[in-house]
Amino acid sequence: MKRFGWMALCLITLIVALWLGSCSPPPTQVIALNFCSAGMVRSALEELDATYQQEHPNVVLNYTFAGSKTTKAAIEQGEPFDGVLFAEIPPLDDLQAKGLILPTSRKELVTTDIVVIAPVDSPLQLSDLRELASDRIKTVAIGGKGPAIGRYTHALLTRLGIAQIVESKAIQTKVDVREVLRTVELGEAEVGITFLSEAKSSDKVKVLTTAAAELYEPIRSGVAVVKTSTHAQEMQTYLDFLTSERAKAVFQRFGLHPLVS
């Protein structure tokens with residue numbers, strides 16, 4: 001009899017445990033967001049990611065950093081990105097015209113400056129960008145046609161009338177602005193032309209001079225949700241975070257100045 005009572009008690013306990021288990025909430029689903037971004041904001045986004053993860057533990061951001069041309073082509077070909085950030089506005093306009101982004105999600109995010117950098121221990125001094133054309137500078141790292149920095153650089157050099165000379169001794173990068181920084185860090189080029197935000201992300205380079213703003217079109221980065229995203233709401237929440245006061249403070253430390261869109 002005692003044995004029967006013990007078995008009955010075990011059975012009741014099991015039933016109650018199963019019932020409680022069925023009533024407990026399901027585990028939180030982890031949502032992965034694929035975000036393709038200009039390298040101009042790479043270091044700031046990597047720092048902001050830790051803060052965002054703390055507040056949204058069920059969201060994982062998968063970052064891809066590439067130049068505007070590469071990013072735009074990837075989205076046009078249907079790569080599964082949820083959001084995009086360009087270092088210039090025209091590619092965003094093109095994607096909107098093709099119905100590939102959500103127009104209401106668009107925001108202008110940050111701007112920055114264009115600078116000439118050199119290895120931190122370089123004895124070179126530069127007071128004017130026109131000196132890049134002089135014989136004392138043998139190699140210059142610049143962006144090619146893929147990254148936005150390449151088009152900004154070409155416009156700047158053309159305005160100064162030294163594009164042909166500088167580009168004849170240039171090491172041109174193809175995919176991402178970070179390549180300019182690495183080329184200078186490794187000493188493969190004496191100087192490089194890049195965004196201020198890139199210079200501030202490295203302790204291996206120093207800024208020699210800053211280009212006057214009137215030499216190129218204002219740098220305006222833009223973000224948007226990709227229309228085919230299956231997590232548009234979560235992506236929009238992340239884009240809203242990038243315009244928050246906390247995010248702006250981080251951007252500013254990297255030489256990225258918030259824009260009012």
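Guide: Start with the largest cavity, which is lined by Ala 38, Gly 39, Met 40, Ala 66, Gly 67, Ser 68, Ala 87, Pro 147, Ala 148, Asp 176, Val 177 and Phe 195. This is a predicted model, in which local features need pLDDT of at least 70 and side-chain atom pairs count only at pLDDT 80 or more, while totals for chains, interfaces and linings use all residues. Residues are numbered from 1 along each chain as its sequence is written, and side-chain values use heavy atoms, with hydrogens and water left out.

Visitor: What is a cavity here, and which residues count as its lining?

Guide: Rolling a probe the size of a water molecule over the atoms shows where empty space is left. On a 1 Å grid over the protein atoms alone, a cavity is a set of points where a 1.4 Å probe fits but cannot get out, and lining residues have an atom within 4 Å of a point. The structure has one cavity of 30 Å³ or more. The largest cavity has a volume of about 60 Å³, counted as the space filled by probe spheres set on points joined across faces, edges and corners.

Visitor: What classes of residue line the largest cavity?

Guide: Eight are nonpolar, three polar and one charged. Ala, Val, Leu, Ile, Met, Phe, Trp, Tyr, Cys and Pro count as nonpolar, Asp, Glu, Lys and Arg as charged, and the others, Gly among them, as polar.

Visitor: How much space lies in the largest pocket?

Guide: About 170 Å³. A pocket is an open set with protein on both sides within 12 Å along at least five of seven lines. Lining the largest pocket are Glu 88, Ile 89, Pro 90, Arg 151, Tyr 152, Glu 217, Pro 218, Ile 219 and Arg 220; by class, five are nonpolar, none polar and four charged.

Visitor: How many salt bridges are there?

Guide: The count is 13, with a side-chain nitrogen of Lys or Arg required within 4 Å of a carboxyl oxygen of Asp or Glu. In the salt bridge of Glu 47 with Arg 253, the closest N and O atoms are 2.1 Å apart. Glu 47 is in helix 2 (residues 42–55) and Arg 253 in helix 10 (residues 245–253), so the pair ties together parts 206 residues apart in sequence. Helices are DSSP runs (H or I, at least four residues), numbered from the N terminus.

Methods: Helices (H or I, at least four residues) and strands (E, at least two) are DSSP runs, numbered from the N terminus.
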